[in-house]
Amino acid sequence: MYKLIGRKGSGSMAPHLALEELGVPYTITFVEREHLSTPEFLKLNPMGRVPALVLPTGQTMVESAAMLAYLTTAHPSELAPKPGTLAHAYFLQWLVFLSANVYETYLRFFYADRYTASGEAGAAPVKAQAAADLEKQFGIVEAALLPCLAGPDLTLADHYLYMLSTWYDPTAAALYAKHPRIGALAKRLEGRAAVQKVLKENA
Ligand SMILES: N[C@@H](CCC(=O)N[C@@H](CS)C(=O)NCC(=O)O)C(=O)O
(Lines give C-alpha, C1' and ligand atoms only; values in the text may rest on other atoms or scores of the structure.)
Protein backbone atom coordinates (compact mmCIF):
# COMPACT_ATOMS: atom_id res chain seq x y z
CA MET A 1 0.00 0.00 0.00
CA TYR A 2 1.33 3.45 -0.98
CA LYS A 3 0.70 6.36 1.40
CA LEU A 4 0.62 9.77 -0.22
CA ILE A 5 0.83 12.88 1.93
CA GLY A 6 -0.38 16.07 0.27
CA ARG A 7 -2.46 19.21 0.44
CA LYS A 8 -5.66 19.75 -1.50
CA GLY A 9 -5.05 21.30 -4.92
CA SER A 10 -1.26 21.25 -4.49
CA GLY A 11 1.56 19.37 -6.22
CA SER A 12 0.33 16.15 -4.61
CA MET A 13 -2.34 16.05 -7.32
CA ALA A 14 0.17 14.65 -9.83
CA PRO A 15 1.08 11.49 -7.85
CA HIS A 16 -2.55 11.30 -6.67
CA LEU A 17 -3.65 11.17 -10.32
CA ALA A 18 -0.94 8.60 -11.08
CA LEU A 19 -1.90 6.28 -8.21
CA GLU A 20 -5.57 6.47 -9.17
CA GLU A 21 -4.96 5.96 -12.89
CA LEU A 22 -2.57 3.06 -12.30
CA GLY A 23 -5.10 1.38 -10.03
CA VAL A 24 -2.60 0.56 -7.29
CA PRO A 25 -3.68 0.46 -3.62
CA TYR A 26 -2.99 3.74 -1.83
CA THR A 27 -4.18 6.13 0.81
CA ILE A 28 -4.07 9.90 0.63
CA THR A 29 -3.69 12.10 3.69
CA PHE A 30 -4.20 15.83 3.30
CA VAL A 31 -2.30 17.94 5.81
CA GLU A 32 -2.39 21.67 6.61
CA ARG A 33 0.56 23.95 5.79
CA GLU A 34 1.49 24.20 9.52
CA HIS A 35 2.10 20.44 9.59
CA LEU A 36 4.90 20.79 7.00
CA SER A 37 7.28 22.35 9.54
CA THR A 38 6.70 19.74 12.27
CA PRO A 39 9.57 17.37 13.18
CA GLU A 40 7.29 14.48 12.19
CA PHE A 41 6.85 15.77 8.63
CA LEU A 42 10.44 17.03 8.26
CA LYS A 43 11.54 13.45 8.81
CA LEU A 44 9.61 12.56 5.64
CA ASN A 45 10.74 15.60 3.64
CA PRO A 46 13.43 17.86 5.12
CA MET A 47 12.34 20.50 2.55
CA GLY A 48 9.02 20.76 4.39
CA ARG A 49 7.01 20.36 1.22
CA VAL A 50 4.35 18.10 -0.19
CA PRO A 51 4.01 15.67 -1.81
CA ALA A 52 5.74 12.91 0.13
CA LEU A 53 5.12 9.32 -0.87
CA VAL A 54 5.62 6.43 1.54
CA LEU A 55 6.39 3.34 -0.54
CA PRO A 56 4.96 -0.12 0.24
CA THR A 57 8.40 -1.04 1.62
CA GLY A 58 8.16 1.78 4.19
CA GLN A 59 10.72 4.21 2.76
CA THR A 60 9.68 7.69 1.68
CA MET A 61 10.36 9.44 -1.61
CA VAL A 62 9.85 13.10 -2.53
CA GLU A 63 9.71 15.16 -5.77
CA SER A 64 6.49 14.82 -7.73
CA ALA A 65 8.07 14.21 -11.15
CA ALA A 66 10.31 11.46 -9.76
CA MET A 67 7.22 9.84 -8.24
CA LEU A 68 5.56 9.65 -11.66
CA ALA A 69 8.72 8.28 -13.29
CA TYR A 70 9.00 5.69 -10.52
CA LEU A 71 5.32 4.69 -10.35
CA THR A 72 5.02 4.26 -14.12
CA THR A 73 8.12 2.02 -14.16
CA ALA A 74 7.02 -0.03 -11.14
CA HIS A 75 3.49 -0.42 -12.56
CA PRO A 76 3.66 -0.58 -16.37
CA SER A 77 0.49 0.56 -18.15
CA GLU A 78 -0.65 2.24 -21.35
CA LEU A 79 -0.16 5.59 -19.55
CA ALA A 80 3.64 5.56 -19.92
CA PRO A 81 5.88 4.54 -22.81
CA LYS A 82 8.13 1.52 -22.45
CA PRO A 83 11.53 2.46 -20.91
CA GLY A 84 14.23 2.62 -23.55
CA THR A 85 11.97 3.93 -26.32
CA LEU A 86 12.08 7.40 -27.84
CA ALA A 87 8.59 8.09 -26.48
CA HIS A 88 9.91 7.29 -22.98
CA ALA A 89 12.79 9.73 -23.46
CA TYR A 90 10.24 12.45 -24.25
CA PHE A 91 8.02 11.34 -21.36
CA LEU A 92 10.93 11.87 -18.95
CA GLN A 93 11.99 15.07 -20.69
CA TRP A 94 8.56 16.66 -20.21
CA LEU A 95 8.15 15.47 -16.63
CA VAL A 96 11.42 17.16 -15.73
CA PHE A 97 10.68 20.24 -17.87
CA LEU A 98 7.35 20.72 -16.13
CA SER A 99 8.65 20.23 -12.61
CA ALA A 100 11.96 22.10 -13.00
CA ASN A 101 10.51 25.02 -14.95
CA VAL A 102 6.73 25.45 -14.86
CA TYR A 103 6.20 24.24 -11.25
CA GLU A 104 9.18 26.31 -10.08
CA THR A 105 7.89 29.38 -11.92
CA TYR A 106 4.51 29.02 -10.22
CA LEU A 107 6.32 29.01 -6.85
CA ARG A 108 7.99 32.32 -7.80
CA PHE A 109 4.61 33.65 -8.91
CA PHE A 110 2.62 32.65 -5.83
CA TYR A 111 5.39 33.05 -3.22
CA ALA A 112 7.32 35.96 -4.77
CA ASP A 113 8.21 37.36 -1.32
CA ARG A 114 10.38 34.28 -0.69
CA TYR A 115 12.58 35.13 -3.68
CA THR A 116 13.66 38.59 -2.61
CA ALA A 117 15.38 40.15 0.38
CA SER A 118 13.67 43.52 -0.17
CA GLY A 119 10.18 42.77 1.13
CA GLU A 120 7.00 43.70 -0.66
CA ALA A 121 8.71 46.11 -3.08
CA GLY A 122 11.03 43.32 -4.21
CA ALA A 123 8.20 40.81 -4.60
CA ALA A 124 6.35 42.70 -7.36
CA PRO A 125 9.12 42.43 -10.01
CA VAL A 126 9.75 38.76 -9.06
CA LYS A 127 6.06 38.03 -9.61
CA ALA A 128 5.98 39.97 -12.90
CA GLN A 129 9.00 38.04 -14.20
CA ALA A 130 7.42 34.76 -13.12
CA ALA A 131 4.21 35.65 -14.98
CA ALA A 132 6.24 36.36 -18.13
CA ASP A 133 8.19 33.11 -17.70
CA LEU A 134 4.95 31.13 -17.33
CA GLU A 135 3.65 32.57 -20.61
CA LYS A 136 6.86 31.55 -22.37
CA GLN A 137 6.89 28.05 -20.84
CA PHE A 138 3.23 27.32 -21.60
CA GLY A 139 3.89 28.56 -25.15
CA ILE A 140 6.70 26.00 -25.48
CA VAL A 141 4.40 23.26 -24.18
CA GLU A 142 1.54 24.27 -26.49
CA ALA A 143 3.86 24.06 -29.50
CA ALA A 144 5.11 20.60 -28.42
CA LEU A 145 1.72 18.88 -28.00
CA LEU A 146 1.27 16.23 -30.72
CA PRO A 147 -1.47 16.11 -29.37
CA CYS A 148 0.08 14.79 -26.13
CA LEU A 149 3.46 15.56 -24.60
CA ALA A 150 5.21 12.28 -25.41
CA GLY A 151 3.61 12.00 -28.87
CA PRO A 152 0.25 10.64 -30.04
CA ASP A 153 -0.59 8.72 -26.87
CA LEU A 154 -1.76 10.02 -23.51
CA THR A 155 0.75 9.57 -20.68
CA LEU A 156 0.95 10.62 -17.06
CA ALA A 157 3.17 13.53 -18.16
CA ASP A 158 -0.06 14.95 -19.60
CA HIS A 159 -1.71 14.58 -16.20
CA TYR A 160 1.22 16.50 -14.70
CA LEU A 161 0.65 19.28 -17.25
CA TYR A 162 -3.07 19.21 -16.44
CA MET A 163 -2.35 19.72 -12.73
CA LEU A 164 -0.16 22.74 -13.54
CA SER A 165 -2.81 24.16 -15.86
CA THR A 166 -5.36 24.20 -13.02
CA TRP A 167 -3.14 26.63 -11.06
CA TYR A 168 -3.19 29.28 -13.78
CA ASP A 169 -4.07 32.78 -12.62
CA PRO A 170 -6.77 34.02 -12.96
CA THR A 171 -8.33 30.72 -14.16
CA ALA A 172 -7.45 27.59 -16.06
CA ALA A 173 -10.02 28.67 -18.67
CA ALA A 174 -7.90 31.76 -19.39
CA LEU A 175 -4.91 29.53 -20.10
CA TYR A 176 -6.98 27.24 -22.34
CA ALA A 177 -8.28 30.27 -24.29
CA LYS A 178 -4.66 31.26 -25.05
CA HIS A 179 -3.47 27.70 -25.67
CA PRO A 180 -6.19 25.59 -27.33
CA ARG A 181 -4.11 22.38 -27.48
CA ILE A 182 -3.55 22.51 -23.72
CA GLY A 183 -7.29 23.19 -23.41
CA ALA A 184 -8.20 20.20 -25.57
CA LEU A 185 -5.91 17.96 -23.52
CA ALA A 186 -7.47 19.23 -20.28
CA LYS A 187 -10.97 18.49 -21.62
CA ARG A 188 -9.89 14.99 -22.62
CA LEU A 189 -8.42 14.33 -19.17
CA GLU A 190 -11.49 15.69 -17.40
CA GLY A 191 -13.47 13.01 -19.22
CA ARG A 192 -11.57 10.28 -17.36
CA ALA A 193 -13.17 8.74 -14.27
CA ALA A 194 -9.84 8.68 -12.38
CA VAL A 195 -9.32 12.40 -12.98
CA GLN A 196 -12.87 13.23 -11.87
CA LYS A 197 -12.39 11.21 -8.68
CA VAL A 198 -9.10 12.98 -7.84
CA LEU A 199 -10.59 16.40 -8.61
CA LYS A 200 -13.48 15.67 -6.27
CA GLU A 201 -11.10 14.59 -3.50
CA ASN A 202 -9.04 17.77 -3.97
CA ALA A 203 -12.04 20.12 -3.92
N1 LIG B 1 9.85 20.14 -6.48
C2 LIG B 1 8.85 19.77 -5.52
C3 LIG B 1 8.05 21.01 -5.14
C4 LIG B 1 7.13 20.76 -3.97
C5 LIG B 1 6.45 22.03 -3.49
O6 LIG B 1 6.95 23.16 -3.65
N7 LIG B 1 5.27 21.86 -2.87
C8 LIG B 1 4.50 22.98 -2.38
C9 LIG B 1 3.01 22.74 -2.65
S10 LIG B 1 2.58 22.90 -4.34
C11 LIG B 1 4.63 23.07 -0.88
O12 LIG B 1 4.65 22.07 -0.18
N13 LIG B 1 4.68 24.30 -0.35
C14 LIG B 1 4.63 24.51 1.06
C15 LIG B 1 5.45 25.66 1.43
O16 LIG B 1 6.34 26.01 0.67
O17 LIG B 1 5.19 26.18 2.53
C18 LIG B 1 7.97 18.66 -6.10
O19 LIG B 1 7.80 18.62 -7.32
O20 LIG B 1 7.49 17.79 -5.36
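1. Asn45 is buried, with a relative accessible area of 5%, where buried means under 20% relative accessible area, exposed means over 50%, and partly exposed covers what lies in between (1.4 Å probe, protein chains only). Asn45 is found in the loop between helix H2 (39-44) and strand S3 (52-54); helices (H or I, at least four residues) and strands (E, at least two) are DSSP runs, numbered from the N terminus.

2. Before reading further, please keep in mind that this is a predicted model, in which local features need pLDDT of at least 70 and side-chain atom pairs count only at pLDDT 80 or more, while totals for chains, interfaces and linings use all residues. Residues are numbered from 1 along each chain as its sequence is written, and side-chain values use heavy atoms, with hydrogens and water left out.

3. The side chain of Asn45 reaches the backbone oxygen of Arg49 at 2.8 Å, and the side chain of Arg49 in turn has an N or O atom 3.2 Å from an oxygen atom of the ligand. A polar contact is a pair of N or O atoms within 3.5 Å; within protein, one must be able to donate a hydrogen and the other to accept it, and residues adjacent in sequence count only if both atoms are side-chain atoms.

4. The protein covers 88% of the 510 Å² of accessible area that the ligand has on its own, as computed by the Shrake-Rupley method with a 1.4 Å probe.

5. In total, 13 residues surround the ligand, and the closest are Val50, Glu63, Ser64, Tyr103 and Arg114; a residue is counted here if one of its heavy atoms lies within 4 Å of the ligand. This shell divides into 6 nonpolar, 3 polar and 4 charged residues, with Ala, Val, Leu, Ile, Met, Phe, Trp, Tyr, Cys and Pro taken as nonpolar, Asp, Glu, Lys and Arg as charged, and the others, Gly among them, as polar.

6. Is Glu32 buried or exposed? At 53% relative accessibility, Glu32 counts as exposed, and its place is in the loop between strand S2 (26-30) and H2. Glu32 and Arg7 are 25 residues apart in sequence and 6.6 Å apart in space, C-alpha to C-alpha.

7. Asn202 lies in helix H9 (residues 193-202) and is buried, with a relative accessible area of 10%.
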